[in-house]
Every structure is written in C-alpha cells, then in structure tokens.
Amino acid sequence: MTVTDHPHLFIGGDWISPKSRSRIQVVSASTEEPIGSVPEANEADVDAAVAAARAAFDDPQGWSAWNPAQRGAALSSLADQLESRSEEMARTVAAQNGMPVAIARQLEAGFPVAVIRYYANLVRSATFEESHPHLLGGTTTVRREPIGVVGAIAPWNFPQTLSAFKHAPALAAGCTVVLKPSPETVLDSVVFAEAVAASDIPAGVINIVPGGRDIGAYLVSHPGIDKVAFTGSTAAGRSIAETCGRLLRPVTLELGGKSAAIILDDADLDLGSIGEQLFGATLLNNGQTCFLGTRILAPRNRYHEVVGVFEALASSLEVGDALNDSTQIGPMASERQRARVEGYIAKGLGDGGRLVTGGGRPSGQNKGWFVEPTVFADIDNKHAIAQEEIFGPVLSIIQYDNDDDAVQIANDSDYGLGGTVWTSDPDRGLEVARRVRTGTIGINRYLPDPSSPFGGIKDSGIGRELGPDALGNFQNFKSIYS
Ligand code: NAD
C-alpha cells in the first residue's frame, strides 16, 4: 500500500476543504505502519454535510422527486463504479482492519455491489403509491414517501458492506444520506466517495463525514437528521437509542452478538466437506463479525470429537498479513481490540476453561495486532467468554445433553443475532432452527441474503436491514382520503 493523505472531504458532491484542521491517521493492522489519512470532520463539517443532504432532498426536481426507475438506474451506475474499483476497495479494507484480502474481495468489494444492485432492481418494480376503496366510502391513496435525510453510522469490521446495508435502501427510497465511517476505516470511504462522484448519483445525495464517537453523537442528534441507521457495539447502540428516543427520531440498530453453533449428534464433522462452511460461520474476518457462532454447542456423546474438530480447524488456519492472498486469519483491527481479545482469553483461563489450541500471539509475527485462533473447551454458558462479545478468533465449546438442552443453552444469551445448526438431517435442522430465538440462523452454512431481512433481537438490536421491507425503514406512509 502506498501512503495516501487525502486533502478533502466529500460533501455536496464535491471535494471540499474541511473546516477542521485535524486529521485521522490510519495504521495498517498487519504492519503497524501508517497507510494514509483523511481530514477529520468537525461539527461545522457535519453541519455542511447535513445542509447539502437537506438541499438535495428538498430540491423539487431532485433525487426524492425522481421517478424510482431513474433512481434505480443511478444506483446501478454506482454499483458499476464500485465494481470497477473492486480490487482497490478490497486491498484498502484489508490493509486497514486486517480482514484477509481474499475475504475482503468477496465481502467488502462484491457484497456491497450485490446489495446496491438488489435495491436498484427492487425500486424499479416497488409500489410507492396505491389507491383502494375507503372503508367508509370514497377512496384512500396510500403513499410511501422518503423519510428525509439519513444519518448512517458504520463500524470498522465490514465498513463497506454495513454502509451499503444503510445507504442502498435509503437511496432507493428517495432519501439522502450523511455517512459517518469509523476512524479505523476511513480510507475505503475515499474510494467509495470517488465511485459516488463518478456515478449518476446527484451532488449532495451522499455526503461523508469521517470521525469518531463524538462526531457520531453530534450527527445522531443533529436537528437536520430525520432517521438514524447504526451498526456497532451494543453500548453505543443504547446511547444512540436514548438520544433518538428523546428526539422521537426513527432508528434502526444492528448491534453485537454471541450466537450459538449447535452441532447436532448426527452432524457430518468431516472438515474436508464442511471445513469451509464451519470456518465462515465461526471465525470469519478474524472473529470480528457480529453474527458468528462463537459458542459451539457439542452433544455429550460426541463432545471429544467436536473438540478435536475445532482444534484441527483453528490450528490449521494460515495466520498472516491481511494482504497475502492465502491468509485466512489476519490481525485484530487495532491494538485496543487485541488487548480486549487477550483480556477475554485471560478471563476464560481464570474461569477454568481448558485451552485446546491458541491463546497467545503467533510466533513469527513481529508486527501487527495478531492473536492465535483460540479454542476453549469445558466452558460453562455462564462464563464471561460465553456471554460477552469478544470480537476475536476465540471459540468456546459447551457440552449439552439433548436437542432441548441445546436450544435452551442457545437461547440463554442477552443477544440474538445469528447462529447455525449442523446436522445430516435438513428437516431436523429446520426444526431446531425454528426454536432458536434469533434474527438469523443457518443450517450447515451461514451467509446473509441481500434479499431477506438481517438483524437481531434482544441486545442485538432493533429493526431489520436488507430485503424488501428495509425500504420501509426509510419511508413514511401518508394516507390521502378523497
Ligand atoms: P462502536 O460501537 O464504539 O463504534 C461503531 C461506530 O459507531 C463507529 O463509527 C463509532 O465512531 C460510532 N460511535 C460510537 N459511539 C457512538 C455514539 N455514542 N454515537 C454515535 N456514534 C458512535 O464500536 P467499536 O468501539 O469500534 O468496537 C467495540 C466493540 O463493538 C467491538 O469489540 C465489538 O464487540 C462491537 N462491534 C460490533 C459490531 C457489529 O457489527 N455488531 C461492529 C463493530 C464493533
């Protein structure tokens, strides 16, 4: 990576000089070397971004008034622009947050394009106005109107995908957006801004304000914002929900998780056939993924076998620089994040967990915030490492007696975001999946579907992203009686 120090902010469709003088320096998670910087937005920059988004929204001939098919075409042009920058995007994300570049190509370059194309197509056929007979006589026309200016706040773990979960349906609905990326991953937001500038999306429809927690909080409570969409920690989500509650401002929250991977007693445990899917469902992106099944629920009669399978899986993974094509586990996104993960490993040991593999820093990595893929056995579901989100490559294996017991343990969590069931019997898998209290769950795999709702219950959040209904997050209904 070459060091890129970008001079401008992307506001009002233009690269403008920031009002703030400070900059956000980004350091590579793999090498700890500086790899670029962007201006840090201050409150005046956010005011300018919200004003630009407001002006674009209020323009009587502008984005919100466009025919939905025109918006769909402009969104398609954004998808094309992003696709033409796929490799640059994947490498930029990987260099910043440590996501292995092979995964970044699929999930940070490919997936956002798929999400934008999905909404570009959906909006071409979606109904925005519909009339039916008034129940008491006459006619009622129901309109779905864009909600207004959206404040979208994204975390660092999947910066592009989780931004697209917000801006794609918001734009399709006719809203305009002020996007605040996480300070750890601001360089990919420059690539994104370049794609927006080169697309047919009009000036002011997407604006980007790089900054940290304070500027995020300022955006959430800004009087010019009509709706907030957030992904990140449960703690930040609570604070945002409090603000939005006071302001009566609609908000969707996609927060943390501590999901269960339920291995049923008939599961195929041959890593040759299920290894890739098991890895994707439990350790993807160095464990820094909200939906992962990091509590492995193992049937008593196959417990030792399950422990052996996860030991083999975790110890076989190639750990290294995120920009190497063959890397499967990269570093933690930040030094702070590594300290947090190491703190949980110490807690697991302190609570009597049995370390099966990992637990330390990999030898041969002198730089970068690496943690070895780590598996604990003999964990009680009440232990901190089974209840709290670690956000690192740390798995806890918990024993259960029968399917009812497995479901009870899976549901004994403050969270409810993801999960998986592993079985040779798809009907039995579906039956167990139905009983797990969660927003999403996979059977013998886990892969979010852009065309279906994604999100969590309990401490994992409020509302759903993706799928046709997510358009409704960015719309107000209006009934006209005539
Ligand atoms: P965070 O929640 O603090 O930050 C996420 C985003 O929200 C960032 O853009 C941040 O600047 C912004 N933000 C933080 N507090 C805010 C506030 N009060 N108002 C408005 N914006 C705010 O997450 P983090 O500190 O980067 O990571 C801490 C932990 O959060 C992780 O260890 C992990 O457990 C969890 N996390 C979860 C997800 C997820 O996808 N569910 C993503 C990232 C982090």
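How far does a polar side-chain atom of Arg340 lie from an oxygen atom of the ligand? The distance is 3.0 Å, which falls under polar contacts, meaning pairs of N or O atoms within 3.5 Å. The protein covers 94% of the ligand's own 800 Å² of accessible area, by the Shrake-Rupley method with a 1.4 Å probe.

Some ground rules. This is a predicted model, where local features need pLDDT of at least 70 and side-chain atom pairs count only at pLDDT 80 or more, while totals for chains, interfaces and linings use all residues. Residues are numbered from 1 along each chain as its sequence is written, and side-chain values use heavy atoms, with hydrogens and water left out.

Back to the contacts. Arg213 has a side-chain N or O atom 3.1 Å from a ligand oxygen. At Leu255, a backbone N or O atom is 2.7 Å from a ligand nitrogen.

Now the shell. The ligand is surrounded by 28 residues, each with a heavy atom within 4 Å of it. The closest are Ala154, Trp156, Ser233, Leu255 and Glu389. Domain 1 (4–255 + 460–481) and domain 2 (260–449) each give at least three shell residues, with bounds from an automatic or database domain assignment.

Conventions. A polar contact is a pair of N or O atoms within 3.5 Å; within protein, one must be able to donate a hydrogen and the other to accept it, and residues adjacent in sequence count only if both atoms are side-chain atoms.
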